Amino acid sequence: MENCIFCKIIAGDIPSPRYYEDDKIIIIKDIQPQAKLHYLCIPKTHFALLSEMDEEKLEIVKYCFKTIPTLEEKLGLQDGYRVIINQGVNGGQTVPHLHIHLLGGEKLDA
Ligand code: 5GP
Ligand code: ZN
């Protein structure tokens with residue numbers, strides 16, 4: 001998708017270290033971390049909103065939630081973490097490419 005910053009990162013046009021990558025997702029660190037550890041799990045398929053999900057995209061979201069727990073130790077999230085998906089204007093979504101925030105590495109405020 002043109003002009004999508006996450007598509008550019010996925011394509012390698014914008015360099016960003018990958019803490020995990022496979023054929024369906026990448027995990028990078030957020031450029032403006034809101035916690036000691038702040039990762040973004042980004043599907044390689046471009047779509048912005050959960051409301052756009054068809055069966056194929058549902059499989060991708062499912063895959064994210066299946067894979068993330070297997071990476072907890074590797075990412076330093078074994079003591080717990082917060083999962084956030086911002087949706088649309090009111091949700092504060094600034095990048096219209098669906099992504100899952102993973103915040104941890106410290107005890108977060110409730
Ligand atoms: P949103 O607000 O859409 O839920 O989250 C977008 C996140 O992407 C923000 O937390 C922002 O800091 C992060 N971000 C925006 N541009 C870049 C970038 O070029 N590289 C990385 N690593 N993170 C980015
Ligand atoms: Zn995109």
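Does tyrosine 19 count as buried, exposed or partly exposed, and at what relative accessibility?

1. Tyrosine 19 counts as partly exposed, at 30% relative accessibility. Buried means under 20% relative accessible area, exposed over 50%, and partly exposed in between (1.4 Å probe, protein chains only).

2. The model is predicted: local features need pLDDT of at least 70, side-chain atom pairs count only at pLDDT 80 or more, and totals for chains, interfaces and linings use all residues. Residues are numbered from 1 along each chain as its sequence is written, chains are lettered from A and ligands numbered from 1 in the order written, and side-chain values use heavy atoms, with hydrogens and water left out.

3. Tyrosine 19 and tyrosine 39 form an edge-to-face aromatic pair, with 5.7 Å centre to centre and 70° between the planes. Rings of Phe, Tyr and Trp (its six-membered ring) pair if their centres lie within 6.5 Å; planes under 30 degrees apart are stacked, over 60 edge-to-face, the rest tilted. Tyrosine 39 counts as buried, at 4% relative accessibility.

4. The zinc ion (ligand 2) is coordinated by Cys4 (SG), Cys7 (SG), His46 (ND1) and His97 (ND1), at 2.0 to 2.3 Å. Donors are N, O and S atoms within 2.8 Å of the metal (3.2 Å for Na, K and Ca); water is not among the atoms, so sites may look incomplete. Along the chain, the donors follow the spacing C-x2-C-x38-H-x50-H.

5. Histidine 46 is partly exposed, with a relative accessible area of 25%, whereas histidine 97 is buried, at 0%.
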